[in-house]
Amino acid sequence: MVGTAQVRLCPPYEAFKMKSNKQKRSEIRARKEAKREKAESLAAQAAREARQAQLRPARPRDELPVDAAKLSKNNSYSIPVFVERGTYASIEFACKACGKVETWTAGQQKWWYEIAKGDVFTTAIMCRPCRRRERARRDEARRTHLEGVARKARVPKG
Ligand SMILES: [Zn+2]
């Protein structure tokens, strides 16, 4: 115990210098590591951008003009991309429910925003089969609920 304390209190000069070099080496290693990490994060960013590019219109001929007068009113200050661009363009998206990649065509978008009056900030999130299944489930739940309400109303008081 006493020996260790002495070494710590009075380190030989060489040992001190060596430690310093060791420290330098570890600093260089840390810098290299940081550089490598930066390169990796840049690669990850590039991958993200490539994925984003997939969300952009694939082919210009898949575009349809936006009739802004037919859109549902929205109080937001921001402008949806398709309004700014003036055209609907096919979008590829992964279904929220099953993960399948599906195309939301310009025609489907025009129908959704201009005829169904869908909110301009909503986009397709589920594929057709999942959407149909979801709608059937909702309809069934509503029907069951209404039946329950009707049954309760028939129960005599007291
Ligand atoms: Zn799906």
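Author: Two strands are taken to pair when DSSP finds at least two bridges between them. The structure discussed here is a predicted model.

Reader: How many bridges join strand β3 to strand β4?
Author: Strand β3 covers residues 91-94 and strand β4 covers residues 101-104. The two run antiparallel. Pairing asks for at least two bridges, and the number joining β3 to β4 is four.

Reader: Which residue in β4 does E92 stand opposite?
Author: β3 spans residues 91-94, and its partner β4 spans residues 101-104. Within β4, the residue opposite E92 is T103.

Reader: Which residue in the turn of the β3 and β4 hairpin has a positive phi?
Author: The hairpin leaves six residues between its two strands. In that turn, a positive phi of about 85° belongs to G99.

Reader: What separation do the C-alpha atoms of I115 and L71 have?
Author: I115 is found in helix α4 and counts as exposed, with 9 C-beta neighbours inside 10 Å. Along the chain, I115 and L71 are 44 residues apart. Their C-alpha atoms are separated by 8.2 Å.

Reader: How far apart are the end C-alpha atoms of helix α5?
Author: Helix α5 runs over residues 128-154, a total of 27 residues. At 1.5 Å a residue, the helix should span 39 Å. The model agrees with that expectation, because the distance between the end C-alpha atoms is 39 Å.

Reader: Of the 27 residues of α5, what is the number buried?
Author: To be buried, a residue needs 20 or more other C-beta atoms within 10 Å of its own. Helix α5 lies largely in the open, because the number of its residues that are buried is zero.

Reader: In what order do the elements of the protein chain run from the N terminus on?
Author: The protein chain holds five helices and four strands. From the N terminus on, the order is α-α-β-α-β-β-β-α-α.

Note on methods. Residues are numbered from 1 along each chain as its sequence is written. This is a predicted model: local features need pLDDT of at least 70, side-chain atom pairs count only at pLDDT 80 or more; totals for chains, interfaces and linings use all residues. The expected span of a helix is 1.5 Å times one less than its number of residues. A residue is buried if 20 or more other C-beta atoms lie within 10 Å of its own, exposed if 12 or fewer, and partly exposed in between; C-beta atoms are placed from the backbone.
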